[in-house]
Amino acid sequence: MSKTIIISNRLPLQIKIEEDEISVSQSVGGLATGMKSVHEDGDSLWIGWSGLTEEEITDTTRDKVQKEIEKNKCAMVPLSEDDVDHFYYGFSNKTLWPLFHYFMEYTTFEQENWESYKRVNQKFADVVLDHVEDGDTIWVHDYQLLLLPNYIKQKKPDTNIGFFLHIPFPSYEVFRTFPWREEVLEGMLGADLIGFHTYDYERHFLSCVRRLIHLETNFNEISYDDRIIKVDSFPMGIDYDKFYNAALAHENMNGDEKSDIQKRLDEHLYSSDDAKMILSIDRLDYTKGIPNRIKAFEYFLEKYPEYQQKVRLIMLAVPSRSNVPQYQLLKRETDELVGRINGKFSTVSWTPVWYFYRSLPFDNLIDLYTSCDVAMITPIRDGMNLVAKEYVATRVKQDGVLVLSEMAGASKEMNEALLINPNNFEAIADKLKQALEMPKEEQKERITSMQARLKRYSVEKWAEEFFTALNTSKTVRNTIVSK
Ligand code: GDG
């Protein structure tokens, strides 16, 4: 019987080793959730890195780690410290991540990192080839594994391979600057179906394929090596019911059950009739536009001083990739900006920005989503942005306003949000004002339409549609071969 193989850089498990004892928990991210039903229900295997380097796994713990991984229907790709440095921090996060998000000034092109990227993609391929059988369906995820589809296809032409990119695919003018552009395109073209969040990313990819490796494309199909490769957009959704139900339960909570964070949020909300809160949540990443957001909020308080003392920005920045220099600089810049705005405007009873630099448990995330009147999500570039969708899903009273950057993939599906260009502070200040003053009836109309769409196109639906398209491409291929 054929099976499904899911491959991502990280396994959907968090494994920790402390004094030779290991503990395992399930990841809660969007990808892990989206693939959960596929992975748990059917005959499937998830292949990826455990998060522990080979140097961290000792002889005594190796067996235990292996057993836990197998118990969770996973297989592990062994990565050394050197692999993590050059493949993950080096090529994935200092080359592909900034380049694909149009941060060319942050992009480095290091031959040593490229060699490591190829070597690690080959390591992934070796583990896949140990497990794959003819007729299996394979789904490869994201920018760390762009070469993998071709490495598998070369050895196992009869497997059906899908690839999905979670970040933007840049325009030809940006992508053409990349030294290994042909190899990467050919790597992706090992897949039979290539998926992106939006039509624009799909269009950029097709243009690069035509102009850089001179292949013929017909609408969204590419002819390559006697194969027809399909390219399409599949905007990723969220686990709508999980967020909606958590927010409903939160509504019905009594005072004793409230978290400390919720109590402090309430203190501000009930401090006056017109007290309001604006929410900002992201990984601390330069693509997310955090400094711009703080500056735009500062400008808003200057332009509309009547909001001073009333409105507070609640900002959660989750630590991320903190050993990459750009992320350290961003942390310093963010700390300084928060200090500046708080120093400038604070009074005895009011601080304009509440800043948390940490990751919070899911329940606290719900506290933030449900307490804030406005979500201000202003990335400079973002493949999709699930936070925007999660905020809308938790608005069980159908109120709240989403101020969203046009540069987030999510903006293509969320027309009812107040869309802004994240570099235009004037427009952001005006939209914030509009959001804070929006009549309840209009909030309801906008939130209700977005919620209906998010409920219909959940993350499970996203995974299902990708698989259906992948299996259809296989049927079409078989028909061509049998003719
Ligand atoms: C990449 C692309 C694309 C955040 N803080 C906490 C926490 N989160 C959760 C959110 C959300 C997820 O992390 C963040 O997802 P995003 O989509 O916003 O951003 P990236 O991490 O950059 O993801 C992005 C995504 O892949 C999917 O394709 O949308 O464009 O860059 O789910 O809820 N969760 C908890 N505590 C936190 O403090 N528990």
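**View 1. The shell around the ligand in the predicted model.** Helix α14 (386-393) gives the shell around the ligand its largest share, 3 residues; helices (H or I, at least four residues) and strands (E, at least two) are DSSP runs, numbered from the N terminus. The model is predicted, and its local features need pLDDT of at least 70, side-chain atom pairs count only at pLDDT 80 or more, while totals for chains, interfaces and linings use all residues. Residues are numbered from 1 along each chain as its sequence is written. The ligand is surrounded by 21 residues, the closest being His166, Ser359, Gly383, Met384 and Leu386, where a residue is near a molecule if its C-beta atom, placed from the backbone, lies within 6 Å of it. At least two residues of the shell come from each of β12 (276-283), β13 (311-318), α13 (362-371) and α14.

**View 2. Strands β12 and β13.** These two strands, both of which contribute to the shell around the ligand, run parallel and are joined by 8 bridges, with Ser280 having Met315 of β13 as its bridge partner. Of the 8 residues of β13, 7 are buried, a residue being buried if 20 or more other C-beta atoms lie within 10 Å of its own, with C-beta atoms placed from the backbone.

**View 3. The open sheet of 9 strands.** The strands follow the order β5-β4-β1-β6-β7-β8-β11-β10-β9 with mixed pairing, two strands being paired if DSSP finds at least two bridges between them. Because β5 (74-76) and β9 (217-218) stand at the edges with a single partner strand each, one side of each is left without a neighbour in the sheet.

**View 4. The chain as context for the close-ups.** The chain holds 17 helices and 17 strands, and 44% of its 483 residues count as buried. Among contacts between residues at least 6 apart in sequence, 77% join residues at least 24 apart.

How values were computed
A residue is buried if 20 or more other C-beta atoms lie within 10 Å of its own, exposed if 12 or fewer, and partly exposed in between; C-beta atoms are placed from the backbone. Two residues are in contact if their C-beta atoms, placed from the backbone, lie within 7 Å.
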